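Good morning, and thank you for coming. Please look at the sequence and the model first.

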Amino acid sequence: MVNVMSASQIRIVDITKEDKYEKYLHRCLAGPPSKRYKKRIKYLEKAIPKGFHKKLLITNEKIVGTIEYAPSEASYYPIIGDNVTVMNCIWVLRKAKGHDFGRLLVRDMINSEKDSSGFATIALENHWSPWFKKWQMETLGFKPLESIKVMHKIKYKGQTFSIYLMWMPNISKSKPPTWNIHELLEGITCCIVHPLYHPQTFEPKQILEKHEN
Ligand SMILES: CC(C)(COP(=O)(O)OP(=O)(O)OC[C@H]1O[C@@H](n2cnc3c(N)ncnc32)[C@H](O)[C@@H]1OP(=O)(O)O)[C@@H](O)C(=O)NCCC(=O)NCCS
């Protein structure tokens, strides 16, 4: 059976502006409910006034996708750029795949941030989680600029994986972003399901270590 969905059944809601979906500012589409994680709350308090947005894609009143982005100064990745928007996260539930919702969300971000010089994010290769796969970020329109090979200090010790800085310029001749490797190795503290999550219980500053070669 062909699943046809009309455009009128699909909407993208900016939940930094609509209270109804406030809990999704703190949690993911699926997984554990929000525990009002303090580091996330602190992050949002700083990031929202600086231009952070989180959006939900809703079809037939079901939430099936999300995108989260901010100017590079307010992103949780240490990506540095001039007027660069950083996509913190994107996710379309597998049950809604096949409708190109990922690219729809990316297009919505591009249309909302027309003055940005471009869009950056990260991607992973050889990581054990199913998240941020490089080929998926490429499908969405991002291209790799550079990469670093790392190991996790607690999980899958000895297994190396690569983190890529991904880029999609918005205007020709825009200056590509760079990143702060030192901060990147600290991991992510304000999203507990992120594959680069740095748990509060792990005291050393860096959760990742650079792997030479
Ligand atoms: C990337 C993502 C947003 C794309 O979702 P989507 O738009 O529903 O994807 P679709 O199923 O509509 O496919 C979009 C394109 O990818 C291609 N694609 C999808 N699955 C594929 C696969 N397994 N292999 C190759 N190509 C694939 C489709 O063919 C399509 O390309 P086409 O239009 O040229 O045919 C989605 O897969 C996702 O959320 N992945 C996880 C992202 C992530 O890691 N988030 C972090 C959470 S912590």
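What radius of gyration would a compact globule of 213 residues have, and what does the protein have? A compact globule with 213 residues would have a radius near 17 Å, and the protein has 17 Å, so the two agree. The radius is taken over C-alpha atoms, and the globule rule is 2.2 Å times the number of residues to the power 0.38.

Before I continue, two remarks on the source. This is a predicted model, in which local features need pLDDT of at least 70 and side-chain atom pairs count only at pLDDT 80 or more, while totals for chains, interfaces and linings use all residues. Residues are numbered from 1 along each chain as its sequence is written.

Let me begin with the whole protein. Along its principal axes, the C-alpha trace spans about 50 × 45 × 40 Å. Of the 213 residues, 31% are buried. A residue is called buried if 20 or more other C-beta atoms lie within 10 Å of its own, exposed if 12 or fewer do, and partly exposed in between, with C-beta atoms placed from the backbone. Among contacts with a separation of 6 or more, 60% involve residues 24 or more positions apart. Here a contact means that two C-beta atoms, placed from the backbone, lie within 7 Å.

The protein has five helices and ten strands. These are DSSP runs numbered from the N terminus: helices are H or I with at least four residues, and strands are E with at least two.

I turn now to the sheet. Eight strands form an open sheet in the order S1-S2-S3-S5-S6-S8-S7-S10, with mixed pairing. Strand S1 (10-14) and strand S10 (208-210) are at the edges with a single partner strand each, so one side of each has no neighbour in the sheet. Neighbouring strands are turned by 30° against each other on average, direction ignored. These angles come from lines fitted to C-alpha atoms; in general they run from 0 to 180 degrees between N-to-C directions, and helix axes are fitted over the stretch in contact. Two strands count as paired if DSSP finds at least two bridges between them.

Let us follow the pairings. Strand S3, residues 62-71, runs antiparallel to S5 and is joined to it by seven bridges; alanine 70 has valine 86 of S5 as its bridge partner. S5 then pairs with strand S6, residues 118-125, in the parallel sense over three bridges, and valine 84 stands opposite glycine 118 in S6. S6 and S8 are antiparallel, with eight bridges; alanine 120 is partnered by tryptophan 167 in S8. S7 and S8 also pair in the antiparallel sense, over eight bridges, and methionine 151 has threonine 160 of S8 as its partner. Finally, three bridges join S7, residues 143-152, to S10 in antiparallel fashion, with histidine 152 bridged to leucine 208.

How much of these strands is covered? In S5, seven of nine residues are buried, and in S8, seven of ten are buried.

How many residues surround the ligand? There are 18, the closest being Val92, Lys97, Gly102, Trp131 and Gln136. A residue is counted as near if its C-beta atom, placed from the backbone, lies within 6 Å of the molecule or strand in question. Strand S5 (84-92), helix H3 (101-112) and helix H4 (134-139) each supply at least two residues of this shell, and S5 gives the most, with four. The shell divides into nine nonpolar, six polar and three charged residues. In this scheme Ala, Val, Leu, Ile, Met, Phe, Trp, Tyr, Cys and Pro are nonpolar, Asp, Glu, Lys and Arg are charged, and the others, Gly among them, are polar.

Most residues other than glycine have a negative phi. Aspartate 100, in the loop between S5 and H3, has a positive phi of about 60°. It is partly exposed, because it has 13 C-beta neighbours inside 10 Å. Lysine 173 lies in the loop between strand S8 (160-169) and strand S9 (178-179), and its phi is positive as well, near 70°. With 6 other C-beta atoms within 10 Å, lysine 173 is exposed. Serine 129, in the loop between S6 and H4, is partly exposed with 13 such atoms within 10 Å. Its C-alpha atom is separated by 9.5 Å from that of histidine 194, 65 residues apart along the chain.
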